[in-house]
Amino acid sequence: MAKVQVFDHPLVQHKLTMIRDENTGVKSFRELVDELAMLMTYEVTRDFPTEEVDITTPVAPAKAKVIAGKKVAIVPILRAGLGMVNGILRLIPAAKVGHIGLYRDPETLLPVEYYCKLPNDIQERDVIIVDPMLATGGSAAAAIGFLKDRGIKSMKLMCLIAAPEGIRVVHQAHEDVDIFTAAIDDHLNEHGYIVPGLGDAGDRLFGTK
């Protein structure tokens, strides 16, 4: 059964408060999202297996641990997910990056894939899907479904803020995908925005309205 993990670390909560603030400008917002993604990656990768290797320190031979051949791919949901990629790459520089773009059909209201570019060996990798906001859950659930259709079996979803409605939608559709978030907010308003949330993450990252 999939889990939801909320990050209560003081540094994460402090930076999250700063990005919620409407007075935080574009430059600071980008930097904070980048830093939050990096801090959260520390916990998202906690279950990575390790193996023992022999090394020599300046003092003596030693046995030490390294990650055991884990291959990772980061897949941001366009466009806001792009703001989280570099923070993750700082901790996992060998990760490959794919991209998936979705839009909502105005008539059916269902998510439609308009762009998808993935590493050739994506099926062999553990995938971290990133999107700052898990609001209605429709885009995240659809993205996971599209990736499963391409043979990807191991996935985690990382977001900065989640709404209870979005968590329910994702787990009803994909009960095998864990969700990692810095906060679970109260609810969605009539426009589908998370309350209190932080507004439109894409607009705040890229300075658009």
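Residues count as buried under 20% relative accessible area, as exposed over 50%, and as partly exposed in between. The views below show a predicted model.

**View 1. Tyr-103 and Tyr-114 form a tilted aromatic pair**. A search of the whole structure finds 2 aromatic pairs, and the one shown here has its ring centres 6.4 Å apart, with 40° between the planes. Tyr-103 belongs to strand β6 (residues 99-104) and Tyr-114 to strand β7 (residues 111-117), 11 residues apart. Tyr-114 has a relative accessibility of 46%, so this residue counts as partly exposed. Tyr-103, at 41%, is also partly exposed.

**View 2. Strand β6 pairs with β7 and with β4**. The pairing of β6 with β7 is antiparallel and extends over 6 bridges. Within this pairing, His-99 stands opposite Lys-117 in β7. Strands β4 and β6 run parallel and are joined by 2 bridges. Here Leu-78 stands opposite Gly-101 in β6.

**View 3. Phe-7 and Phe-180 form a tilted aromatic pair**. The ring centres are 6.3 Å apart, and the planes make an angle of 45°. Phe-7 lies in the loop between β1 (4-6) and α1 (10-20), while Phe-180 lies in strand β11 (residues 178-184), so the pair ties together parts that are 173 residues apart in sequence. Phe-7 and Phe-180 are both buried.

**View 4. The annotated "binding site" includes Arg-79 and Asp-200**. The annotation comes from an unreviewed UniProt entry, and it also covers Arg-104, Asp-131, Pro-132, Met-133, Leu-134, Ala-135, Thr-136, Gly-137, Gly-138 and Ser-139. From this set, the lining of the largest pocket takes in residues including Arg-79, Arg-104, Asp-131, Met-133, Ser-139 and Asp-200. Also in that lining is the run Leu-134, Ala-135, Thr-136, Gly-137 and Gly-138.

**View 5. Arg-79 makes a side-chain polar contact with Asp-203**. The distance of this polar contact is 2.7 Å. Arg-79 is placed in the loop between β4 (72-78) and α3 (85-91). With a relative accessibility of 36%, Arg-79 is partly exposed. Leaving out residues up to four places away in sequence, Arg-79 touches Asp-200, Gly-202, Asp-203, Phe-206 and Thr-208.

**View 6. Asp-200 sits in the loop between β13 (194-195) and α6 (201-206)**. A polar atom of the Asp-200 side chain lies 2.8 Å from the backbone nitrogen of Asp-203. Residues up to four places away in sequence aside, Asp-200 is in contact with Arg-79 and Tyr-193. The relative accessible area of Asp-200 is 29%, which makes this residue partly exposed.

**View 7. A further "binding site" annotation covers Ile-194, Gly-199, Asp-200 and Ala-201**. This annotation, too, is taken from an unreviewed UniProt entry. Ile-194, Gly-199, Asp-200 and Ala-201 are part of the lining of the largest pocket. Gly-199 is located in the loop between β13 and α6, and its relative accessibility of 34% places Gly-199 among partly exposed residues. Beyond neighbours within four places in sequence, Gly-199 contacts Met-133 and Tyr-193.

**View 8. Ala-201 lies in helix α6**. Its relative accessible area is 6%, so Ala-201 is buried. When residues up to four places away in sequence are not counted, Ala-201 touches Phe-29, Ala-80, Pro-132 and Met-133.

**View 9. Strands β2 and β3 are joined by a hairpin**. Strand β2 spans residues 50-56 and strand β3 spans residues 61-67. The strands pair in the antiparallel sense, over 7 bridges. In this pairing, Glu-51 stands opposite Val-66 in β3.

Note on methods. Residues are numbered from 1 along each chain as its sequence is written. This is a predicted model: local features need pLDDT of at least 70, side-chain atom pairs count only at pLDDT 80 or more; totals for chains, interfaces and linings use all residues. Side-chain values use heavy atoms; hydrogens and water are left out. UniProt positions are given in the numbering used here, feature names are shortened, and annotations may be inferred rather than shown by experiment. On a 1 Å grid over the protein atoms alone, a cavity is a set of points where a 1.4 Å probe fits but cannot get out, and a pocket is an open set with protein on both sides within 12 Å along at least five of seven lines; lining residues have an atom within 4 Å of a point. Helices (H or I, at least four residues) and strands (E, at least two) are DSSP runs, numbered from the N terminus. Buried means under 20% relative accessible area, exposed over 50%, partly exposed in between (1.4 Å probe, protein chains only). Contact means heavy atoms within 4.5 Å. A polar contact is a pair of N or O atoms within 3.5 Å; within protein, one must be able to donate a hydrogen and the other to accept it, and residues adjacent in sequence count only if both atoms are side-chain atoms. Rings of Phe, Tyr and Trp (its six-membered ring) pair if their centres lie within 6.5 Å; planes under 30 degrees apart count as stacked, over 60 as edge-to-face and the rest as tilted. Two strands pair if DSSP finds at least two bridges between them.
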